[in-house]
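Here are some notes for someone opening this structure for the first time.

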Amino acid sequence: MATPVAAKKDASQDRQKRMIADHYGRLSRTHLTGEKNCYTYVPGNLTELLRTFDLLPVLPEINALQSGMRGKTREYIAAAEKEGHSEDVCAYVKSDIGMISSGNVGPTGERLPPPDLLLLSYTGCFTFLKWFELLREKYKCPIVMLHVPYQGEGAITPSMRKYVVDQLKEKVIPILEEVSGKKYDEDRLREHLVRSAAAEDDLVAVLQSAKHRPSPIDAYFGGVYYIGPMFTAFRGTQDAVEYYKELRSEVEARMAQGKGPITPEGEIVEKYRVVVEGPPAWTHFRELWKMFGDEGAVCVASTYTKVGGTYDFGFRHDPAHPLETLADYCMGCYTNINLPGRVDMISRYVEEYAADGFLINSVKSCKSFSAGQLMILREVEKRTGRPGGFIESDLVDARYFSAANIKNRLESYFQMIAQKRAATGVAVGAS
Ligand code: SF4
């Protein structure tokens, strides 16, 4: 149950807002300043390397999800479908195409510049490839692809690492030099990586605070704000270091006071602890969070917050091996991990975060996430003995969000957990 409190923003939230505003402001002025940009994707992004060449990252998925949260995607998707993109195409792509056709105005209301370079870090999703083909047709700009091998056997081998490093040396760095007009400076890259590792330590401390009872954070709905700077344009910057330091101290203070997570509706008094698999439904983000909050359900771990990097099992960017560490980072992103690896991860979360169960939000758009989720459901249930629940929606296509259906399923799921507890004599909300 959410307890209403005065809506007061934490200092870290204000800082993140300023960082985003500055970034989009810079992008909107590139025609005056001459700064160059690079469009690239979240999984396997090479932010530190781009910043070594002073290129500003633009993440089309982030623009799409922001459009979803701002209620713009209905119009954008309709525009893209009118241009001939089928209903089955990933809604992020259609949102982006619709946004471009409507003037390419980004999340802060400022116009985004056309790309100076398209950098496709290919982490297993074929749609990424088709999406950038569409952008290349529109913008006629240079494009480069970094092929990231899938962890089919569940591990990163030396030959996989070499394969990525060779592409970085032979294809990616030369085109970054050409587009930016700057020489590759490895010492500068190392400086970015030192800052990345510092911020990653603090992010992990924030995510792992959810092991505490009550959890001071919501690691899914709240978690998407926490991963924002790390997964997008800011990893490797001093701003990101300051943001994560500040966020960590706020979360630790909440934990010391025994407080639960703050939501837009107020503070949640923890009754159920769940792990969540799959991305949120951005068009109904607040509504979905409220459904969880009304049940007293706190998400203590989530896989979505690993889609742009998996840090909580020990990976940190390593300045001593700059290109190798970028390769390992790319290959370690969540959707590049095979299904047994994903089952292991979710089972570990359920155990280590002492969750009552786990919920899958299966989104229609993204097969990188949703393929195999029913197998994951069965396997994690079998391994942990904790119940799994299944809801369906979409990333940014509001036509696939049925509030009544989802609410019903969530209510039945939490009732089932309550009944199980009653049968074993454990009171609801007991620690
Ligand atoms: S299908 Fe999934 S991974 Fe691929 S572009 Fe769409 S949201 Fe991203």
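1. Contact here means heavy atoms within 4.5 Å. The model is a predicted one. By that criterion, helix α1 contributes A11, S12, R15, Q16 and M19 to a contact with α11.

2. How do the two helices lie relative to each other? Helix α1 covers residues 11-28 and helix α11 covers residues 238-256. Their axes come within 9 Å and cross at roughly 160 degrees. Angles over 145 degrees count as roughly antiparallel, and α1 and α11 are therefore roughly antiparallel to each other. The crossing of α1 and α11 is left-handed.

3. Helix α13 spans residues 322-332, and ten of its eleven residues are buried, so the helix is largely enclosed by the rest of the structure. The buried residues of α13 are P322, L323, T325, L326, A327, D328, Y329, C330, M331 and G332. Which elements cover them? The cover includes the helices α3 (47-52), α8 (158-180) and α9 (186-208), along with the strand β5 (143-147).

4. E411 belongs to helix α17, residues 403-424. Is E411 buried, partly exposed or exposed? Its relative accessibility is 28%, so E411 counts as partly exposed; the partly exposed class lies between the buried limit of 20% and the exposed limit of 50%. F401 is ten residues from E411 in sequence, and their C-alpha atoms are 16 Å apart in space.

Definitions and conventions. Residues are numbered from 1 along each chain as its sequence is written. This is a predicted model: local features need pLDDT of at least 70, side-chain atom pairs count only at pLDDT 80 or more; totals for chains, interfaces and linings use all residues. Side-chain values use heavy atoms; hydrogens and water are left out. Helices (H or I, at least four residues) and strands (E, at least two) are DSSP runs, numbered from the N terminus. Buried means under 20% relative accessible area, exposed over 50%, partly exposed in between (1.4 Å probe, protein chains only). Axes are lines fitted to C-alpha atoms, for helices over the stretch in contact, and angles run from 0 to 180 degrees between N-to-C directions. Angles under 35 degrees count as roughly parallel, over 145 as roughly antiparallel, 65 to 115 as roughly perpendicular and the rest as oblique. A crossing is left-handed if the near helix is turned anticlockwise from the far one by less than a right angle, and right-handed if clockwise.
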